[in-house]
Amino acid sequence: ATDSHSKMLKYRCSGCIAVGKSLNSRNFSKLLHSCPYQCDRHKVIVEAEDRYKSELRKSLICNKKILLTPRRRRQLSSES
Amino acid sequence: MFQGQRGWFCGSVGGELRQFWVAEGGSISDPRAADFLFSCDASHPDTLRIYQSLDYIEDNATVFHAYYLSAVANAEVKNSVALGHFILPPACLQKEIRRKLGNFIWEQDQHFQIEKHDEV
Ligand SMILES: [Zn+2]
């Protein structure tokens, strides 16, 4: 039973059935994220990419803090 | 097929795929303005820049393998090719994805070349 169930789900994955002009690099990720019936293939890729993105986000925030500190210091010293 | 669409191409993409894009009505643009981002190599510096961009982090930039274009070129019905099968994830994720799912679609098929009918 679960087999036919997963088969049905497989063919409803938005990432797999959507073809044609409307899809592009800008909306594809959002389409996949909003699809409740992701196939195994798209699920694995989305999970991996999401992990990568959240790590990048974290490191961006860290970098920003490091970059901001000396600049602010310089600004302060030029003001005085 | 690609009338009015703007495409960005990584330096890793061969000339014939770009030519096909243009021949099908697409135009070439910079990565920020592009509707489509194409690459043949996730570890190429051009493509790495996309993966590190805010657009990518915010889910606004999916990179597709440019073999999508040759799949379109070789398909009998051009718009029957599922773009979604050609997602190109960052190189550091590919090993893990391959372990779970097997080879990517562009690795499975060696026939992703645009046939040149005038050459025999
Ligand atoms: Zn799918």
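Which residue of chain A forms a salt bridge with B:Asp55? In this predicted model, the partner is A:Arg26, and the closest N and O atoms of the pair lie 3.6 Å apart.

Taken as a whole, the count of salt bridges between chain A and chain B is three. On the side of chain A that touches chain B, the elements giving two or more residues are α2 (14-17), α3 (28-33) and α4 (40-79) of chain A. Of these, α4(A) provides the largest share, with 14 residues. Sorted by class, this side of chain A holds twelve nonpolar, seven polar and ten charged residues. Counting both partners, the contact draws 29 residues from chain A and 42 residues from chain B. About 2,900 Å² of area is buried between the two chains, and carbon and sulfur atoms give 57% of that area.

B:Asp55 also has a salt-bridge partner within chain B. This partner is B:Arg32, with the closest N and O atoms 3.2 Å apart. The pair connects distant parts of the chain, since B:Asp55 belongs to helix α3 (residues 54-57) of chain B, while B:Arg32 sits in the loop between β2 and β3 (36-39) of chain B, 23 residues apart. Over all chains, the count comes to nine salt bridges.

Turning to the strands, chain B contains an open sheet of four strands, in the order β2-β1-β3-β4, with parallel pairing. At its edges are β2 (27-28) and β4 (63-65) of chain B, each of which pairs on one side only. Strand β1 (residues 6-9) of chain B pairs with β2(B) in the parallel sense over two bridges. Here B:Arg6 stands opposite B:Ser27, a residue of β2(B).

How far can the model be trusted? The model scores ipTM 0.87 and pTM 0.82. For chain B, the mean pLDDT is 90, and 90% of the residues reach 70 or more. For chain A, the mean pLDDT is 77, and 64% of the residues reach 70 or more. Within chain A, confidence is highest in α3(A), at a mean of 94, and lowest in helix α1 (residues 2-10), at 51. Where pLDDT is low, predicted coordinates should not be read in detail.

Note on methods
Residues numbered from 1 in each chain as written. Chains lettered and ligands numbered in written order. Predicted model: local features only at pLDDT ≥ 70, side-chain atom pairs only at ≥ 80, totals over all residues. Heavy atoms only, no water. Contact = heavy atoms within 4.5 Å. Buried area = accessible area lost by both parts, 1.4 Å probe. Salt bridge = Lys/Arg side-chain N within 4 Å of Asp/Glu carboxyl O. Nonpolar A, V, L, I, M, F, W, Y, C, P; charged D, E, K, R; others polar. pLDDT = per-residue confidence, 0-100. Pairing = 2+ DSSP bridges.
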